[in-house]
Amino acid sequence: MRNYSLEFMRIFLMFIIVFGHLNEHLPILGKSADLSPHSYMAVQSFFVLGGFFAYMNLKKYDFCGLMMKTYHRILPPFLFSVILSIYLWHTSSTLLIKAFFLLPGLYPSSQILYAGDWFLGVYFWLICFFSYIYI
Amino acid sequence: MTVIVIFCFFCISVNAQADNSFMSTYWHVIPSELPRGFISIGGGFLLGSVSDKIKIEKSLLSIAIFTFFEFYFLRLFFNFLLSPAPSKYSFNLLEWTIVNCFLVYSFYNLNGMISILINKIDKVNYVSRYVFSFFMAHMIPMHYVYVNKSNYPAAEICFAFLGATIVLTLIEYHLFSKRLYPYAVAWLRKILF
């Protein structure tokens, strides 16, 4: 049976992150209800959730299987975002290589889109690290 | 044990006030996002292994304890949300990680009252499949706003931003992730192997 409460938690956290980003650059709600600190907290929660599910997935997949699954889950939407950004906002096409290896967030000034894409690189490589240690 | 001690020590060393200065304090101590992820993903892994070994039977006491943690999470979260910055509440990364771990455990095993109630909303499935695409799609208009340091009226930009994000989410999910990408991967496999 599917766990709807965890799905709900994902939706809740994601909306907080997106609205936090929105409010960070466009303070629509004013400083009295600034969502930016909450989006940082939501990211922490998202990481905990990600680590938990990665551990659970290790029962179903081996190390390479889990990495491929995670990579295939992250790459298509990220690639789409980067390609569209390059096309629309004329950013450098060399960023595609960075996106392909999921490097954002791993070293200073490694972000591509400056809107939370560091999360993907950090998430993928840390899942890789912890799964490797666990196995 | 060493890992746990290092983990706790590290969490305690980065605790700060709950306003915007939390992250500036964090970045002042550690100028990278990697340790933040390390703490939380490590916490998630630790939680996974603990929840594998310890199964808590559902009883009135366990439901009461986990309901307390669920409300504790909401208290921490909404204190930030409702209080004007700089907030008087302090933010502790260790506290936040522990409460999160209890919350995820509670939501996973349906131990608390809130998780039991939320689990009854089965239509959430129709929204949750778009969540990841929504996150990715918001980066594109966000990138534009960030790069151009937009000075347009905030409400108009907000509507444009949300509209663009929703349209891009649908395109990303239905067209790119579900159709083009699998087709491209299959085609590449056919060519290469």
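## Order of elements in chain B

Walk along chain B of this predicted model from the N terminus and the elements come as α-β-α-α-α-β-α-α-α-α-α. That makes nine helices and two strands in chain B.

Take the contacts in chain B between residues at least 6 apart in sequence, and 79% of them join residues at least 24 apart.

## Two domains in chain A

Chain A splits into domain 1, covering 1-57, and domain 2, covering 61-135. Where they touch, domain 1 of chain A puts in seven residues and domain 2 of chain A puts in nine residues.

Which elements give two or more residues to the domain 1 side? In chain A, these are α1 (4-25) and α2 (36-57). The most comes from α2(A), with five residues. Sorted by class, that side of domain 1 of chain A has three nonpolar and four polar residues, and no charged ones.

## The α3–α5 pair in chain A

Now for a helix pair in chain A: α3 (residues 63-89) and α5 (residues 118-134) have axes that come within 10 Å and cross at roughly 175°. Angles over 145 degrees count as roughly antiparallel, so α3(A) and α5(A) are roughly antiparallel to each other.

On the α3(A) side, the residues that meet α5(A) are Phe63(A), Leu66(A), Met67(A), Thr70(A), Tyr71(A), Ile74(A) and Phe78(A). Their partners in α5(A) are Leu120(A), Phe124(A), Ile127(A), Cys128(A), Ser131(A) and Tyr132(A). The contact of α3(A) with α5(A) comes to eleven nonpolar and two polar residues, with no charged ones.

Notes
Residues numbered from 1 in each chain as written. Chains lettered and ligands numbered in written order. Predicted model: local features only at pLDDT ≥ 70, side-chain atom pairs only at ≥ 80, totals over all residues. Helix = DSSP H or I, 4+ residues; strand = E, 2+ residues; numbered from the N terminus. Contact = placed C-beta atoms within 7 Å. Domains from an automatic or database assignment. Nonpolar A, V, L, I, M, F, W, Y, C, P; charged D, E, K, R; others polar. Axes fitted to C-alpha atoms, helices over the stretch in contact; angles between N-to-C directions. Parallel < 35°, antiparallel > 145°, perpendicular 65-115°, else oblique.
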